[in-house]
Structures are given as C-alpha cells and as structure tokens.
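Trainee: I'd like to learn how to read a few features of a model. Could you walk me through them?

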Amino acid sequence: MKLSVIKLDGKASGDVELSDAVFGITDIRGDLLARYVNWQLAKRRAGTHKVQTRNENSRTGKKMYKQKGTGGARHGSRRAPQFVGGSRAFGPIVRDHGFSLPKKVRALALRHALSSKAKAGDLIVVDSIALKDSKTAALRTTLGKLGWNKALIIGGPEVDTNFGLAARNIPHIDVLPNAGLNVYDILRADKLVLTKAAVEAIEARFSEKEAA
C-alpha cells in the first residue's frame with residue numbers, strides 16, 4: 001500500500017510504499033490485541049501489595065479466656081481474622097502478576113495494531129521530526145495545525161533531542177524510539193505518526209522474523 005509523506009509544516013514530501021504484511025492486514029483480530037494489552041499491563045504491575053499474616057501481627061497470642069464454661073466459641077488468639085485488629089485471611093501478598101506470551105503472538109498483535117491504524121486512516125508518515133530549537137510552545141502550535149492532539153510519535157532508532165525535549169510537556173503526545181513501539185500505546189492514541197526511518201526499521205524487523 002502507498003501512503004503520502006508529509007513534513008512537520010504540513011507540506012507534501014512524496015510517497016512511501018508500506019508492506020501489506022505489516023500495515024495492510026484487513027481482518028483485525030481483537031482477541032490478539034486484547035491478549036497483548038492484558039500481558040503488557042499485567043507485566044508492569046508492581047505487585048507490592050501486602051497484608052499482615054497472623055505470624056506478623058503484633059497483637060497478643062495469649063488465650064483470651066478459659067476454654068470451657070463461657071457459653072461462647074473457643075478462641076486462643078486475638079490475631080484471628082474475625083476479631084478487630086486481627087489479621088486478614090487470604091489477603092494479597094507480594095508477587096509477580098506477569099505471565100508469558102509467545103513471541104509470535106506478540107509480533108502478530110503488533111502487526112494487527114499497526115494495520116488497524118492504517119485501515120482507520122490514522123497512520124501518518126512524516127519525513128523527519130528534527131527541530132532546530134526545543135521550544136514547546138512552537139511545537140504545540142505545529143502539532144495543533146496538523147491535528148495531532150493525541151498522538152504516538154515513533155521517531156526512528158533515536159528520537160531527535162530537541163523534538164523530545166519540546167514534546168515532553170505536551171499532554172497526550174508520546175514520543176518513543178523504535179524500541180518502545182507497543183500495542184497499548186498504539187491503540188490508546190488517536191494518531192500514529194511514524195518517521196520514514198521508523199517505517200524502514202519496522203518493516204526490516206518483521207522481514208527478519210519471517211526469514212528466521
């Protein structure tokens with residue numbers, strides 16, 4: 001598929017031929033995208049939630065009252081979960097919430113995410129994002145004219161320093177290098193902006209996997 005290339009000032013800068021295997025998938029599988037997003041969000045959870053167990057509670061373990069003759073249940077510790085100040089039964093513990101997802105599934109989900117943006121007309125290829133000055137106000141105006149109000153911008157192998165500095169304080173604008181490309185950020189952005197260098201790297205990445 002062919003897509004027009006623009007510059008940051010909105011002027012045309014030729015065309016680029018996109019791989020149908022990466023950007024031209026028409027039957028978008030929502031189940032793959034959901035599996036990837038769940039995997040990504042679970043992997044980044046801290047898992048530091050913790051409650052006190054009975055052996056960690058500072059309440060006394062002395063028997064509360066005599067075993068017989070009270071007419072009530074038999075208890076031997078204030079640390080039991082049914083008492084105020086006692087420990088919680090089956091509470092959360094420190095653990096890793098991540099789970100494994102095959103590499104081929106991850107790669108396929110990424111291709112479907114890229115294709116979904118292309119299919120919806122929300123994929124934009126820009127010649128370059130290099131700036132002379134790192135001026136946030138000027139870049140905000142430029143992006144507003146282009147209609148990039150909520151966008152994920154992939155800047156190539158390395159993000160231009162001035163562009164990264166200017167964009168980091170603009171709400172809903174995420175700028176990442178090729179290595180940071182992921183399904184979750186693609187789906188939550190209204191526009192996916194790729195530099196020509198990013199397109200070449202993405203297509204090379206998938207062509208290498210297919211060859212392997």
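Trainee: About how many helical turns separate Tyr36 and Trp39 in helix 2?

Mentor: About one helical turn, because Tyr36 and Trp39 are 3 residues apart in helix 2. Helices here are DSSP runs of H or I with at least four residues, strands are runs of E with at least two, and both are numbered from the N terminus. Before we go on, this is a predicted model, where local features need pLDDT of at least 70 and side-chain atom pairs count only at pLDDT 80 or more, while totals for chains, interfaces and linings use all residues. Residues are numbered from 1 along each chain as its sequence is written, and side-chain values use heavy atoms, with hydrogens and water left out.

Trainee: How many aromatic pairs does the ring rule give?

Mentor: Rings of Phe, Tyr and Trp (its six-membered ring) pair if their centres lie within 6.5 Å; planes under 30 degrees apart count as stacked, over 60 as edge-to-face and the rest as tilted. By this rule there is 1 aromatic pair. The ring centres of Tyr36 and Trp39 are 5.3 Å apart with planes at 70°, so this pair is edge-to-face.

Trainee: Are Tyr36 and Trp39 buried or exposed?

Mentor: Buried means under 20% relative accessible area, exposed over 50%, and partly exposed in between (1.4 Å probe, protein chains only). Tyr36 and Trp39 are both buried, and Trp39 has 10% relative accessibility.

Trainee: Which residues does Trp39 touch?

Mentor: Contact means heavy atoms within 4.5 Å. Leaving out residues up to four places away in sequence, Trp39 touches Phe99, Ser100, Leu101 and Arg106.

Trainee: At what angle do helix 2 and helix 3 pack?

Mentor: Axes are lines fitted to C-alpha atoms, for helices over the stretch in contact, and angles run from 0 to 180 degrees between N-to-C directions. Helix 2 (residues 30–43) and helix 3 (residues 103–120) pack at about 115°, with axes 9 Å apart. That makes helix 2 roughly perpendicular to helix 3; angles under 35 degrees count as roughly parallel, over 145 as roughly antiparallel, 65 to 115 as roughly perpendicular and the rest as oblique. On the helix 2 side, the contact includes Tyr36 and Trp39, and on the helix 3 side, Arg106 and His112 are among the residues.

Trainee: Where does Phe90 lie?

Mentor: In the loop between helix 2 and helix 3. Most residues other than glycine have a negative phi. Phe90 has a positive phi of about 55° although it is not a glycine, and Phe90 is exposed, at 86% relative accessibility. His172 also has a positive phi, of about 65°.
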